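Subject: Structure handover and findings

Hello,

Here is the structure we talked about. Please open it beside this message and check the points as you go.

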Amino acid sequence: MLSLLDNMAIGMFAILVIGIGYYFSKKQKNMEDYYLAGKSLPWSLVVGTLFATWYGAGGFVGFIGYAATYGFAAWTVWCVVAHAVRIPLALYVGPKAHVRTDLSIPDLIESLYGKKAAIIAAIFMFCTCVCIGDVLASGKIASVCWGLDIVVGAAIIVAVTCLIAALGGLMGVAITDMIMFASMLIFGNMIIPGLFDQVGGFAGITKVFEQNGIMDMLHPTKGMDLFTMVNLVVLSFGAYADPAFYQRFSAADSAKTARRALLTCFPLWITFDMLNVFMGLIVAAMKPGVDPEIAYFQIALGALPAGIRGLFIVGILGSIISTMDSYYLIGGSTIVNDIFIRIKGKEYFTEKQKLLYTKIAVFFMGALGLGLAFRFKLIFDGVIWINSINYSVIFIPVLFGLLYNGKKTEFGGLCTMAAGFITFEALKLAKFSLVPPLLVSYIVSTIVYLIANQYGEDRSENGLIVND
């Protein structure tokens, strides 16, 4: 439980980020101001918001939980591959995305495969934006820190997050993300040196692992089964279909800024991941057999004095809120701009109505996340589940839309989406476990894409080819 001093620090943090959101709510004139910050984000803000958005509960607390379960393999497999596959995203896709007027992935899909495909993509994409992993983490934090029911605690944190996103738009989110970026780096990791020394360094960790027969945790790959490895590698390519990356690319003040910002994030991400792996090993050594995510909070809060505990929770909440506010903003815009307006027509909505409906939709995103999050035990499991469904539908159409020079048609796009989703769901229902169902879905989708796009009117001239 936290002291009065701890809660005062957390309360001041909440007031600060809500105040920033309120300040920028007065500067919004249209959807471009709200959703893309008027395309004016400088390098520093793009770096901060990209870093903070990527490290939500899944990337921070969830990754520590995976490191406590799989050891160094969590870093070798997930971190190295996940960041390596983003290099083309930084060098080629990001700068090209900036010069387009598209606001979202569904806009790109509509230009290549038609309105129906765009609406389908938008529906699946907004489901990803409910951030169930972060909602679950919010509940666990509230339970450990304040003794609240896990759902009630999550609802309070989600409500604050929705308020930030609804008020401030992307500029408000980007400014608060910078604060949370610093909070994560400083306060979220300040316990590691002391705990590492307390557990006896690598010698102490090795001794515990030997006693428990889990020495594979210290091997680069042996601590993780092959199925999980392949599944994580497949999921790592999902960045190409992640709406947050495209939003930040479009909101940067130049194409050069978009490229430099993402390249800057790579060394920061790699370093932060390694710190999280060390924390995961410490958790596994100090509390073997305990839910690693709960154990992490218990260890951290037990090691810190009053007042400092509050700053640590600010760092953890910063990682969660910075992700949820970004994706709730994207999800709210997706519901209004990419679904309702496509169905009804732009002429039925004024800019003022778009802003109002999007802000209402942000709170709907939070409510939906609360309804889905508590079916999972581990945060990262929830992240994998919701992202896998989304990627099975839109990853191949988006990837080929960006990189493929061949013919692209409405028929091909719709068939590819259907094939990916049906394949993934059928294999999941059949409990297929030889290889990850998402990998099979990608293979089937690719075959269907290359065949089905031979039929119908070619729309490829509307694409965003990045290999020139």
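The notes below go through helices, ring pairs, backbone angles and a few distances.

First, the ground rules. This is a predicted model: local features need pLDDT of at least 70, side-chain atom pairs count only at pLDDT 80 or more, and totals for chains, interfaces and linings use all residues. Residues are numbered from 1 along each chain as its sequence is written, and side-chain values use heavy atoms, with hydrogens and water left out.

**Helix 20**

Helices are DSSP runs of H or I with at least four residues, and strands are runs of E with at least two, numbered from the N terminus. Helix 20 covers residues 410–429, 20 residues in total. From first C-alpha to last it reaches 29 Å, close to the expected 28 Å. The expected span is 1.5 Å times one less than the number of residues.

Which residues of helix 20 are buried? They are G412, G413, T416, M417, A419, G420, T423, F424 and L427. As background, an α-helix has 3.6 residues a turn, so residues three or four places apart point the same way.

**Helix 16**

Helix 16 spans residues 292–303 and has 12 residues. Its reach, first C-alpha to last, is 16 Å, close to the 16 Å expected. This helix is mostly covered, with 9 of its 12 residues buried. The buried residues are P292, E293, I294, A295, Y296, F297, I299, A300 and L301.

**Helix 17 against helix 18**

Helix 17 is residues 308–344 and helix 18 is residues 351–372. Their axes come within 7 Å and cross at roughly 125°. Axes are lines fitted to C-alpha atoms, for helices over the stretch in contact, and angles run from 0 to 180 degrees between N-to-C directions. Helix 17 and helix 18 are therefore oblique to each other. The classes are under 35 degrees for roughly parallel, over 145 for roughly antiparallel, 65 to 115 for roughly perpendicular, and oblique for the rest. The crossing is right-handed. Right-handed means the near helix is turned clockwise from the far one by less than a right angle, and left-handed means anticlockwise.

**Aromatic pairs**

Rings of Phe, Tyr and Trp (its six-membered ring) pair if their centres lie within 6.5 Å; planes under 30 degrees apart count as stacked, over 60 as edge-to-face and the rest as tilted. The count comes to 15 aromatic pairs. In one of them, F411 and Y455 have ring centres 6.4 Å apart and planes at 85°, so the pair is edge-to-face. This pair links distant parts of the chain, 44 residues apart: F411 is in helix 20, and Y455 is in the segment after helix 21 (437–452). F411 is partly exposed, at 45% relative accessibility. Y455 is exposed, at 52%. Elsewhere, F72, F196, F202 and F278 form one aromatic cluster.

**Positive phi**

Most residues other than glycine have a negative phi. Two positive values deserve a look. C131 has a phi near 60°. It lies in the loop between helix 8 (115–128) and helix 9 (132–146). C131 is buried, with a relative accessible area of 6%. K431 has a phi near 55°. It lies in the loop between helix 20 and helix 21. K431 is exposed, at 72% relative accessibility.

**Distances**

A122 is in helix 8 and is buried, at 0% relative accessible area. How many residues separate A122 and I335 in sequence? The answer is 213, with 7.5 Å between them in space, C-alpha to C-alpha.

I164 is in helix 10 and is buried, also at 0%. I164 and S322 are 158 residues apart in sequence and 9.7 Å apart in space, C-alpha to C-alpha.

A155 is in helix 10 (residues 150–186) and is partly exposed, at 29%.

Best wishes

Terms used
Buried < 20%, exposed > 50% of the residue type's maximum accessible area, 1.4 Å probe, protein only.
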